Amino acid sequence: MVEAFAVASGKGGTGKTTTTVALGMALADEYDVTIVDADTGMANLLFHTGLTDADATLHDLLVADGNEDGRDDVTVEDAVYDRFGMRIVPCGTSLDAFEAADPDRLREVVAELAADADVLLLDSPAALGSKSAVLPIVLADRAVVVVQPTIPALSDGLKVQEYAHSYGTDTAGVVFNKVHDPDAAESVAEKAERYFDGPTLATVPDADAARSARRAGEPLLAHAPESAAARAYRTAAADLDVRAGESDDVADRFRSAVVPESP
Amino acid sequence: MNLPRGTLVRSRVVGDPAAALSTALDRELTGYAVFEPQDALLLDADSEGVVTFDDGVPVCAYHTGTGRGGANALADLAVPGPYSVELRELPADDREAVRGESDLRVAPGTAADRLAGDPDLAERTRAAAPSERGRRDETGGESMDAVEAFLDDDEKIDAIRNRAREEARTRAEQWGLDSELE
């Protein structure tokens, strides 16, 4: 049984990776969770999870056999790291590897990962301007939209939702992140609910704890589990109604997705 | 608001308002910015948003299409971009002109924070604001008025969503993903 979520926003800097890792850790109490750095052009999941020295990454799986930038001997399992109660698939930061990557291969990787997970979280690119950037949203069952209480972040979040819906990917919920004044943001979240098709999962306060966790290379929930931000993420995870499906069906769907031939 | 024409110091087409706000701050501009959306699909495409600056710090905002001022005007001038932006500088004798009526005023960091979504720029702007400009209210309780006004504008939100939906379909066809569309 697996459900795949794209953790997405139309704007950079909203804290998607922090959100992906935090939701993953919180959901891991109940489910088998795999998180994937699907932001292959600007990977940073490895920095949040202490995997900067990871030998094999998603890039190795996406580079075509025979390409000089690729390694033919890497299997999906080689790029999976068991950390913090989850399975983590980091992506490398090499621009050459990104350029050599064939996004077509992401569906196979995701299909294989889906077989061993209840929940797949795809940390998605902040842009919608390329085929490879949109692919995680195409592949996911639902999207978690990460926004801040600003006009451009909400505008871009709505844009992401429309892209997702165009591909039949529903909205699982909205996370308001890096909120300086949660009380003031409450009314914004209420008004925004009229336009987003999923509930507001959490209003996460802007916190030194998140920055400190990032510097330490640890997930927020491991670094500062009692912080207000960590509590907000646990609430968000509890409110996320994970819908179990049959993993075979999902794997087939990932495989049958029509995907681009080049980044 | 009657603003003298002043001197044109910059005229650009930009993707978002942050660059113009940042330039005004860096130049310590006393004058105003005129934002004209380039997106013809939006209903108020013919109108303009105006933000005035005193030594680079936003003072007033108003919108020629809706006639609204203050935080509401910031919401009115917010579109998914691009904008054509003109920055105009006023001579010292005309400084009073940028200060406008109280119902047009915005807090120093609101445009950077809520319209541009740039917290670093907002912080720099607040730091540059004179203390009597109410820096305090923005570091304690934050004004979300501009964001709420944006979300109250059903028509604009619908336009943004419709535009995104059309763009998604067009690009899906370009990328060979059209068979995945619902």
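Which residue does B:Arg68 meet in a salt bridge? In this predicted model, the side chain of B:Arg68 pairs with that of B:Asp76, with an N to O distance of 2.8 Å. That pair is one entry in a search of the whole structure, which finds 22 salt bridges over all chains.

**Salt bridges**

- B:Asp54 forms a salt bridge with B:Arg95, and their closest N and O atoms are 2.5 Å apart.
- B:Arg95 is partly exposed, with 26% relative accessibility.
- A network of salt bridges links B:Asp54 and B:Arg95 with B:Asp55, B:Glu96 and B:Arg99.
- In chain A, the side chains of A:Asp208 and A:Arg211 meet in a salt bridge with an N to O distance of 2.8 Å.
- Both A:Asp208 and A:Arg211 lie in helix H9 (residues 208–216) of chain A; they are three residues apart, which is about one turn of the helix.
- A:Asp208 is exposed, with a relative accessible area of 59%, and A:Arg211 is partly exposed, at 37%.
- Side chains of opposite charge can pair when their charged atoms come close.

**Nonpolar cores**

- The largest nonpolar core contains 83 residues, of which A:Leu58 and A:Leu220 touch the most other members.
- Leaving aside residues up to four places away in sequence, the contacts of A:Leu58 are A:Val36, A:Asp37, A:Ala38, A:Thr40, A:Ala79, A:Val89, A:Pro90, A:Cys91, A:Leu106 and A:Val109.
- A second, separate core has 52 residues and includes A:Leu158 and A:Val179 together with B:Leu87 and B:Val106.
- In soluble globular proteins, nonpolar side chains tend to be buried together.

**Helix packing**

- Within chain A, the axes of helix H1 (residues 16–27) and helix H11 (residues 228–239) come within 9 Å and cross at roughly 65°.
- H1(A) and H11(A) are therefore roughly perpendicular to each other, and their crossing is right-handed.
- From H1(A), the residues A:Thr18, A:Thr19, A:Ala22, A:Leu23, A:Ala26 and A:Leu27 meet A:Tyr233, A:Arg234, A:Ala236 and A:Ala237 of H11(A).
- Helix H7 (residues 151–166) of chain A packs with helix H6 (residues 145–152) of chain B at an angle of about 30°, their axes being 10 Å apart.
- H7(A) and H6(B) therefore count as roughly parallel to each other.
- A:Ile151, A:Leu154 and A:Ser155 of H7(A) make this contact with B:Ala146, B:Val147, B:Phe150 and B:Leu151 of H6(B).

**A buried serine in chain B**

- B:Ser22 is located in helix H1 (residues 18–26) of chain B.
- With a relative accessible area of 18%, B:Ser22 is buried.
- B:Ser22 touches B:Leu121 and B:Arg124, when residues up to four places away in sequence are not counted.

Conventions. Residues numbered from 1 in each chain as written. Chains lettered and ligands numbered in written order. Predicted model: local features only at pLDDT ≥ 70, side-chain atom pairs only at ≥ 80, totals over all residues. Heavy atoms only, no water. Core = buried A, V, L, I, M, F, W, Y, C linked by side-chain atoms within 4.5 Å. Buried < 20%, exposed > 50% of the residue type's maximum accessible area, 1.4 Å probe, protein only. Contact = heavy atoms within 4.5 Å. Salt bridge = Lys/Arg side-chain N within 4 Å of Asp/Glu carboxyl O. Helix = DSSP H or I, 4+ residues; strand = E, 2+ residues; numbered from the N terminus. Axes fitted to C-alpha atoms, helices over the stretch in contact; angles between N-to-C directions. Parallel < 35°, antiparallel > 145°, perpendicular 65-115°, else oblique. Left-handed = near helix turned anticlockwise from the far one by under 90°.
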